[in-house]
Amino acid sequence: MTATKNVLAVISPHVGGRGIGAGLATLFPEGARVTVVEAADEDPAALRAAHVVITGLAPVTAEHLAAAPELELVQCASHGFDYVDVDVARRRGVRVCNIGSSGAEAQNVAEQTFALMLALAKQLVPAHAALVEGDWALPRLQHSLTELSGKTIGIVGLGQIGQQVARRAVAFDMSVVYAGRRRLPPENEAELGDARHVPLDELLRTADYVCLHTPLTDETRNLLNAERLALLKPTAFVINTARGALIDQEALADALEKGAVAGAGLDVFDPEPPTPALRLPRAPNVVLSPHIGGVTRETLVRIALAAVQNVTHFLAGGTPRDIVNQSLQHRAASPGGRGRPQRRRGRPTP
């Protein structure tokens with residue numbers, strides 16, 4: 001890094017805000033001038049001067065990109081990148097990267113997936129609530145208790161996180177089916193309990209647990225809509241630790257209330273935090289957590305290191321990893337790209 005580069009660290013308040021951002025700033029080498037904010041437009045001068053924006057679930061919109069003429073890179077401190085207008089960034093010649101290849105979140109998201117699955121199978125939430133009230137609920141809950149062993153898990157998106165989920169499923173003696181645009185090599189499928197690649201609709205018809213681990217794009221938004229939810233067995237459970245908007249939340253609430261789906265374990269919502277109008281918290285047999293799948297102490301360290309290392313490599317003249325808008329055009333001579341944010345298009349990716 002020969003000249004000072006300006007880095008704007010934008011950390012959303014609901015994932016730690018300035019406190020997390022201050023720790024992140026200490027990881028950068030000399031030669032990087034880091035400004036920490038909780039919204040991209042909080043400090044207009046810092047945004048205007050930024051060469052790099054590193055964002056922790058904070059929106060980076062077309063307007064933000066237009067207000068940053070020096071910007072070269074947007075680094076998402078997450079696997080997801082749906083909160084960045086990647087199409088406008090591409091048109092402006094700005095790379096957008098995530099931390100996908102680092103696997104920083106994979107362990108904990110997989111653990112959170114199984115925590116939700118086990119809580120539903122063993123009815124832990126209603127059992128705990130009943131005992132707190134002095135109610136020995138065993139007779140009432142006994143009919144709904146079940147095992148993971150012998151069940152089929154359907155994984156939508158068998159990337160690094162999905163594969164970690166599959167490995168745990170094998171340890172629980174579950175059968176694994178998965179959907180995505182690419183099939184794994186046969187030797188990798190064998191390592192994952194002879195996992196079978198199937199069309200999405202077949203996965204939904206056969207799985208006892210449907211787990212979502214695919215990015216949010218225009219084509220995956222409301223991937224589980226009313227029509228697809230109707231394909232599930234009434235004994236099936238839906239688990240979402242990816243992005244809330246992958247599911248039509250009203251349709252899922254309807255299915256739960258009608259008993260068309262046995263239950264749901266959700267770590268993500270649309271929007272976040274969810275509004276009081278969201279019906280899912282009041283739906284029967286749901287287990288909810290506030291997007292904690294990627295925020296253990298260990299995970300936060302791995303995420304921060306992966307994001308900062310990628311930015312540092314870029315500032316030193318290297319090509320960054322995990323570029324999600326690969327096809328870059330030259331930066332326009334005049335500011336452009338204003339308008340409604342458009343998300344990256346594509347099928348569910350493993």
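I began with the cysteines, taking a disulfide to be a pair of cysteine sulfur atoms within 2.5 Å. By this rule I count 0 disulfides. The model is predicted, and local features need pLDDT of at least 70, side-chain atom pairs count only at pLDDT 80 or more, and totals for chains, interfaces and linings use all residues. Residues are numbered from 1 along each chain as its sequence is written, and side-chain values use heavy atoms, with hydrogens and water left out.

Cys 76 counts as buried because its relative accessibility is 0%, and Cys 97 is buried with a relative accessible area of 0%.

Next I turned to the nonpolar cores, each a set of buried Ala, Val, Leu, Ile, Met, Phe, Trp, Tyr and Cys residues joined through side-chain atoms within 4.5 Å. The largest has 34 residues, of which Leu 203, Val 210, Leu 224, Val 238, Leu 252 and Leu 256 touch the most other members. Among the elements giving two or more residues to this core are α10 (200-206), β9 (209-212) and α12 (249-258), where helices (H or I, at least four residues) and strands (E, at least two) are DSSP runs numbered from the N terminus. The most comes from α12, with 5 residues. Apart from this core I noted another, of 26 residues, including Leu 8 and Phe 81.

Last I looked for pockets, a pocket being an open set of points on a 1 Å grid over the protein atoms alone, with protein on both sides within 12 Å along at least five of seven lines, and lining residues having an atom within 4 Å of a point. The largest pocket has a volume of about 1,100 Å³, a volume being the space filled by probe spheres set on the points, which are joined across faces, edges and corners. Of its 48 lining residues, the closest to the centre are Ser 78, His 79, Gly 80, Asn 98 and Glu 105. The elements that give two or more residues to this lining are α1 (17-25), α8 (160-171) and α13 (297-315). For the second largest pocket I noted a volume of about 360 Å³, and Asp 82, Tyr 83, Phe 269, Asp 270 and Glu 272 are the closest to its centre among 17 lining residues.

Notes
1 Å grid on protein atoms, 1.4 Å probe; cavity = no way out; pocket = protein on both sides within 12 Å on 5 of 7 lines; lining within 4 Å. Buried < 20%, exposed > 50% of the residue type's maximum accessible area, 1.4 Å probe, protein only.
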